[in-house]
Amino acid sequence: MSVRGVIAFAFAGSAERVRSYIFAINALKRRGHRRLAHLLCRRLERRYGVFISVDADVPSSTRLPHPIGIVIGKGVRLGEGVVIYQNVTLGGRNRGDGRRGQYPVVGDGTVVFAGAVLIGGIEVGSGSVVGANAVVLSDVPSNSVAAGVPARIRAVRPASAERPSSSPTCQSEM
């Protein structure tokens with residue numbers, strides 16, 4: 001890593017640092033270094049309050065804009081470009097779900113807002129939006145909006161609906 005890279009990492013915000021952790025965890029898993037990946041997962045949990053199981057499939061393109069209180073369980077599979085906000089839980093519904101493969105599968109480009117809970121062997125389609133504090137217990141079709149407790153499909157968006165490429169960020173001036 002170059003000096004510029006070290007400086008950029010040192011002054012990066014928590015979202016960028018967590019993204020770097022996810023990148024490193026994926027690289028270690030690909031190379032067969034599961035113990036080191038597990039160590040980084042524990043460090044991520046202690047430092048930022050983000051629990052990501054080593055057995056979860058979390059691509060490096062996953063964005064966590066406010067990384068605090070996020071739990072991604074053992075068998076969760078996330079698609080490319082998924083955005084997950086704070087205090088979100090993705091995991092099994094009952095003990096032993098890992099052996100049965102009963103974990104959420106989240107499609108590409110999905111946005112999961114703050115406090116949402118996705119549990120059990122469900123599928124959330126590509127381009128969907130899960131509203132804040134929603135409890136998703138059943139499948140969500142592609143390009144739809146799910147909200148409520150328990151979550152219901154509130155709207156189906158056209159497939160060509162433009163999605164925001166990035167969330168607004170606060171930039172402080174010095």
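Helices H2 and H3 cross in a left-handed manner; a crossing is called left-handed if the near helix is turned anticlockwise from the far one by less than a right angle, and right-handed if clockwise. Helices (H or I, at least four residues) and strands (E, at least two) are DSSP runs, numbered from the N terminus. The model is predicted: local features need pLDDT of at least 70 and side-chain atom pairs count only at pLDDT 80 or more, while totals for chains, interfaces and linings use all residues. Residues are numbered from 1 along each chain as its sequence is written, and side-chain values use heavy atoms, with hydrogens and water left out.

H2 spans residues 14–30 and H3 spans residues 34–48; they pack at an angle of about 165 degrees, with their axes 8 Å apart. This angle makes H2 roughly antiparallel to H3, a label given to angles over 145 degrees, whereas those under 35 count as roughly parallel, 65 to 115 as roughly perpendicular and the rest as oblique. Contact means heavy atoms within 4.5 Å. On the H2 side the contact residues are Ser14, Arg17, Val18, Tyr21, Ala24, Ile25, Leu28 and Lys29, and they meet Leu36, Ala37, Leu40, Cys41, Arg43, Leu44, Arg47 and Tyr48 of H3. These residues comprise 11 nonpolar, one polar and four charged.

The chain as a whole contains four helices and 13 strands. Of its 174 residues, 39% are buried, where buried means under 20% relative accessible area, exposed over 50%, and partly exposed in between (1.4 Å probe, protein chains only).

Attention now turns to the loops. Asn87 lies between strand S4 (83–84) and strand S5 (89–91). Although Asn87 is not a glycine, it has a positive phi of about 60 degrees. Asn87 is partly exposed, because its relative accessible area is 44%. Leaving aside neighbours within four places in sequence, Asn87 is in contact with Ile68, Gly69, Ile70, Gly115 and Ala116. Its C-alpha atom is separated by 8.7 Å from that of Val117, 30 residues apart along the chain.

Asn143 is located in the loop between strand S11 (135–136) and S12. Asn143 also has a positive phi, of about 55 degrees, although it is not a glycine. Asn143 counts as buried because its relative accessible area is 14%.

The peptide bond from Val149 to Pro150 is cis, with omega near -15 degrees.

Definitions and conventions
Axes fitted to C-alpha atoms, helices over the stretch in contact; angles between N-to-C directions. Nonpolar A, V, L, I, M, F, W, Y, C, P; charged D, E, K, R; others polar.
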